Amino acid sequence: MKVMLIAHTPQPERVVAAAAKLCYSNAHIDNLLEDLTPEKSREFLEKLAALGHESPTEHASFTFAIEGVSRSLLAQITRHRIASYSVQSQRYVRLDSFEYITPPEVAADDAAREAFDVQMEQQAKQYREIAALLKDGHIRRLMQQGMDEKQAARKAEKLAIEDARFILPNACSTKMIVTMNARSLNNFFRHRCCERAQWEIRALADEMLRLVLAVAPALFAHSGPPCVSGTCPEGAMSCGHAAEMRRKYSALRKEEGAPCRED
């Protein structure tokens, strides 16, 4: 897995603080940014967090480039609907020898890992075979319709791989660009940093949190699973490791120089 923060709102904490200032004072837009030092901006952000007023944080957005994750993860992250996604297309990109993600539990078991690798190789082979068969059929049909061979081959390639992709597994590696505002990101962190989230998307969420803490530490000072700043909402399904999770995310904030919440 590789994750990069490739863009974000300039001075995100100041922008959010300006929105908060407008909500709670008679400031005018021509002097809205006056006196909004980093320290004053953090004060506004702490006030927002204490009030539970999240809407001003929607004015700061963050864009991530992500690769080396599975299509299974893609199905999970796109459930977070207040976000923008651009994903490598399996309709336009041929994946004859696709890379794939191996779950840690599979990798740790020699027999399971061997069987897993065999299945991935088999599915890659079947993908190539089905794509070749479909492409040949499309070329013949298109040429019968009057298309020249070169043009027919180019169109047949796309038609073939967009159907052959149905054989590809959830383990197939993909890459994407994801943009979320800070409010959506905090919601994402609450759900996906949780110990009960699947291992892959939990690892992604932790890395995304590490990256945004480096550029907007006060904006994400309370980010992480719910148990970091309160009680676990999972009830009987709780992982039971709240204290350990608090230590983990406190250490992450310290590592990135962010303010820490001590519970």
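Reader: Against which helices do the buried residues of α5 pack?

Author: In this predicted model, the buried residues of α5 pack against α4 (104-107) and α6 (149-164).

Reader: What makes F116 and D117 of α5 count as buried?

Author: Buried means under 20% relative accessible area. F116 and D117 are among the buried residues of α5, together with M120, Q123, A124, Y127, A131, H138, I139 and L142, and therefore each of them falls under that 20% limit.

Reader: How do you know that the span of α5 is close to the expected one?

Author: Helix α5 (residues 110-144) has 35 residues, and 51 Å separates its first C-alpha from its last. The expected span is 1.5 Å times one less than the number of residues, which for α5 gives 51 Å. The span of α5 is therefore close to the expected value.

Reader: Which residues lie nearest the centre of the largest pocket, and which helix gives the largest share of its lining?

Author: The largest pocket holds about 460 Å³ of space. Of its 22 lining residues, A49, E54, N186, R190 and H222 lie nearest the centre. Helix α2 gives the largest share, five residues.

Reader: What is the make-up of that lining by class?

Author: The lining of the largest pocket has nine nonpolar, eight polar and five charged residues.

Definitions and conventions:
Residues numbered from 1 in each chain as written. Predicted model: local features only at pLDDT ≥ 70, side-chain atom pairs only at ≥ 80, totals over all residues. Heavy atoms only, no water. 1 Å grid on protein atoms, 1.4 Å probe; cavity = no way out; pocket = protein on both sides within 12 Å on 5 of 7 lines; lining within 4 Å. Points joined across faces, edges and corners; volume = space filled by probe spheres on them. Helix = DSSP H or I, 4+ residues; strand = E, 2+ residues; numbered from the N terminus. Nonpolar A, V, L, I, M, F, W, Y, C, P; charged D, E, K, R; others polar. Buried < 20%, exposed > 50% of the residue type's maximum accessible area, 1.4 Å probe, protein only. Contact = heavy atoms within 4.5 Å.
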